[in-house]
Each structure stands twice: as structure tokens, then as C-alpha cells.
Amino acid sequence: MIEGKAIARFGAGDILITPMVKTDFSGGLIVLQNKGTHVVGKQTQSFEPGDTDTVLSFDSVESLEVLIERLQKLKDMMSGDTSDCYKEIRYSYDHGPEGAGDMTLKEFAKMLDDREYGYPQFTPKEIQIAKENGFIIVCGTSDDLMEFEGAIRDEGACFEGGEVYFNKTGVIFPEDDEQPEDCNQITALWCEGEDDNGTPVTWAYQTDIPHESFKIWEDGELYCIGIVLSIADVR
């Protein structure tokens, strides 16, 4: 039986895959979490159960062997063996990396607008809407981080402002302080920006990527003018 619906997109190194077995060996689990290292195949020991875990539950070794066989077949297909391929299908919930939802950036930014600073900053429903539409939410945390949520989940260091580079897979860290090639840039402004009414803001952003803005407040003061981007506009 399949309970609920979830999409697990592999390939960016951000999914932690953890096998678990029952104490009497009568069954097992594969637990998927958004806690990966951002390096595909690199192992980490950071597993802790969470409320948002995606779980594959197996009551027998035979059921696991069927999944293994199907995964091997998929591997063969992706390597060029098309002898047993079905025609290409796009499921209604599989919006793909470019997004295929029915919400605009402006509508989504309005949904996020005028909230209080906190953690988590966005609800699971808002993050899911961002993923389904291919939207990237960018906002500030503390005095040193640029947070990415939605179609990209990552963070970039920008202590008291600075540039963060990224592409469709996440943040790129420059070597020798040189700007990476074939990537996008967002400049974080620390205590240097203001809204349309001239209200000072702690965090604001500049980028040539098309975007919409939303506001985050803290104790009555403007903390952040966050932005929403479409991953379709990202290199």
C-alpha cells in the first residue's frame, strides 16, 4: 500500500539514504531525508529520525529484491539500453526542474509577504508549492547566511554582506576568490538597503535574475527583503 505522495529527486547529493532493519529481522526500511552532503555518494553519519522523513518499508526480502531489480533496469535504461523502455510519461505531480505549477512568482511572493522572522521560516506547504512550481526562495539568516529553499535547498556564506554564486544544483564556492564560471550571482546587502518607502532593512539582495520580493519583519523592524526566483532562469 502507498500512503500519501512524495517526490524524491536524486542527483544533487542532498538526500541522505539510510537503511534500517527491525530487531527481529522481519522487515526493513529505507529512510530518505534532506540532509545530504551535496556530494553524490559521499557518506555521512548524521541520521536522526524526523517528522518529514520519506520511508520505504519492506516486509520481506522478496519485495526488496523486486525493487533492486527494477532499479538495475532503470540504470540500464539511463545508460542507453532502450530495449524495454516505455514511452516517455510526465506524471501530473512531476513538475520537473523547470516547474509546471499554475502559480506565478508574483502570487507566490505575495503569499510569503509580511511574515515574522523565525525558524523554520517557511511552512512545509509553502516549500512544497515552491518545489512544484520550480521556485527558489532566497532570504537571510543571522548576520552571515543566505538561505535557499524550494527548488534549491542550500545556504551561502555572506558575513555582513557579499556575493553568493550558485547554479541549478546549489551554491558554488569560489576557489582563490575568483568568480566561478557558468553560474549565477546574488549580492547580499547588509544594513545597506531599504524598501520602496525608504524603510531601512537588515538584509536585501541584488541580482540580474528576474525575481519578485517579499518582506520579513522582526519586532516591528524590517529584517529582510527576500526574493523569489524561477529555476528556469538559473544556469
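Leu32 has Thr54 in strand S3 as its bridge partner, in a model that is predicted. Strands here are DSSP runs of E with at least two residues, and helices are runs of H or I with at least four, both numbered from the N terminus. Strand S2 (residues 28-33) and S3 are paired in the antiparallel sense over five bridges; pairing requires that DSSP finds at least two bridges between two strands.

Stepping back to the whole sheet, three strands lie in the order S1-S2-S3, with antiparallel pairing, and the sheet is open. Strand S1 (16-21) and strand S3 (54-58) are the edges: each has a single partner strand, so one side of each lacks a neighbour in the sheet. From one strand to the next, the twist averages 15°, an angle (0 to 180 degrees) between the N-to-C directions of lines fitted to C-alpha atoms.

Next comes helix H1 (residues 61-78). Its 18 residues reach 26 Å from first C-alpha to last, close to the 26 Å expected at 1.5 Å a residue; the expected span is 1.5 Å times one less than the number of residues. An α-helix has 3.6 residues a turn, so residues three or four places apart point the same way. Just after H1, Gly80 adopts a positive phi of about 115°.

Residues in this model are numbered from 1 along each chain as its sequence is written. Local features need pLDDT of at least 70, side-chain atom pairs count only at pLDDT 80 or more, totals for chains, interfaces and linings use all residues, and side-chain values use heavy atoms, leaving out hydrogens and water.
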